[in-house]
Amino acid sequence: MKSKMNKLIEILKAEGRLITEEFKLASEQGEGTPQEVADFREHAVQSFIKRFLPQSHIVSKGKITDLDGNQSDSIDCLILNPAHPNILDSQGKFRLIFSDGCDAAIEVKPNLARTDELHRSLRQGQSVKNVKRSQTPILLAYSSPPHIIEHSQRIPFYVFTLKAFEPTEMLREITSYYAKNSIPLEEQLDAIIINGVGLLKNIKHAELNVYGAMPPIGKNTGWYFETWGEATPIGLLLALEYSFPAVAGISESIMRRILTKLGRVVTLRLGDCV
């Protein structure tokens, strides 16, 4: 059994390497056109997500609309819940994507070792967080505190990149931006995924800390760095599995069970939430 599980780890490591190679080939395939290059990169991440989600989920791109008519910026990779209405145009593209049916949003950036691109990602994340779900996906919501209900109505937002500042430097850039612009906690991103390196995660509430350890790592809030190396795709999938979906599920997903068993990672707490 252990060898079979190790095989899955190797498969996911290979997926990470494949994404890196596809990013490197994007410039050639896109013939130098910026939008075509971006499309190839987005497609690499979208394809990975599609392969590891249940077939009932849909991966799309575009703007998210809430029930008050507010819209987010356009986002590269949107994971739609099976309950999302199938509102398609003649080309098979979604005419509208609703916040009530969006499980998560992932923006793809080839290089976050640039302050302007990092700040742009933070603004895109804020636009996603401001198109709220109209209801919480939490079953028996009366038993959950108000701040967790509020958190569950915000769409999880992640940034995927191949290159970034060193984690502590990136954290300084992010927290400085959020503090300077007085960005509320619930309008901040949830994680940055650096393929081949690891995840910088913003754990906003102690109840959502899944690290099985004593404080300061476990049972705490703050910014954490998970060192995954080649196994970074496992970290991304785990982050998605432990976030609130748009619609409540009755039982734990099979992939969540599998990845939780595999997910052994070195974790450091880098700083407090802002």
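**Ground rules.** I number residues from 1 along each chain as its sequence is written. In this predicted model, local features need pLDDT of at least 70 and side-chain atom pairs count only at pLDDT 80 or more, while totals for chains, interfaces and linings use all residues, and side-chain values use heavy atoms, with hydrogens and water left out.

**Entry 1, helices.** I looked up α3 (residues 115-129) and α5 (residues 167-180): their axes come within 11 Å and cross at roughly 50°. Helices here are DSSP runs of H or I with at least four residues, strands are E runs of at least two, and both are numbered from the N terminus. Axes are lines fitted to C-alpha atoms, for helices over the stretch in contact, with angles from 0 to 180 degrees between N-to-C directions. From α3, the contact (heavy atoms within 4.5 Å) takes in Thr115, Leu118, His119, Leu122 and Arg123. From α5 I noted Met170, Glu173, Ile174, Tyr177 and Tyr178.

Beyond its neighbours within four places in sequence, alanine 113 touches Lys163, Ala164 and Phe165.

Next I checked β6 (residues 198-203), where 6 of 6 residues are buried, meaning under 20% relative accessible area with a 1.4 Å probe, protein chains only. Strand β5 (residues 191-194) runs antiparallel to β6, joined by 4 bridges; pairing needs at least two DSSP bridges. Isoleucine 192 sits opposite leucine 200 of β6. I also saw that β6 pairs antiparallel with β7 (residues 222-227) over 6 bridges, and that leucine 199 has glutamate 226 of β7 as its bridge partner.

Terms used
Buried < 20%, exposed > 50% of the residue type's maximum accessible area, 1.4 Å probe, protein only.
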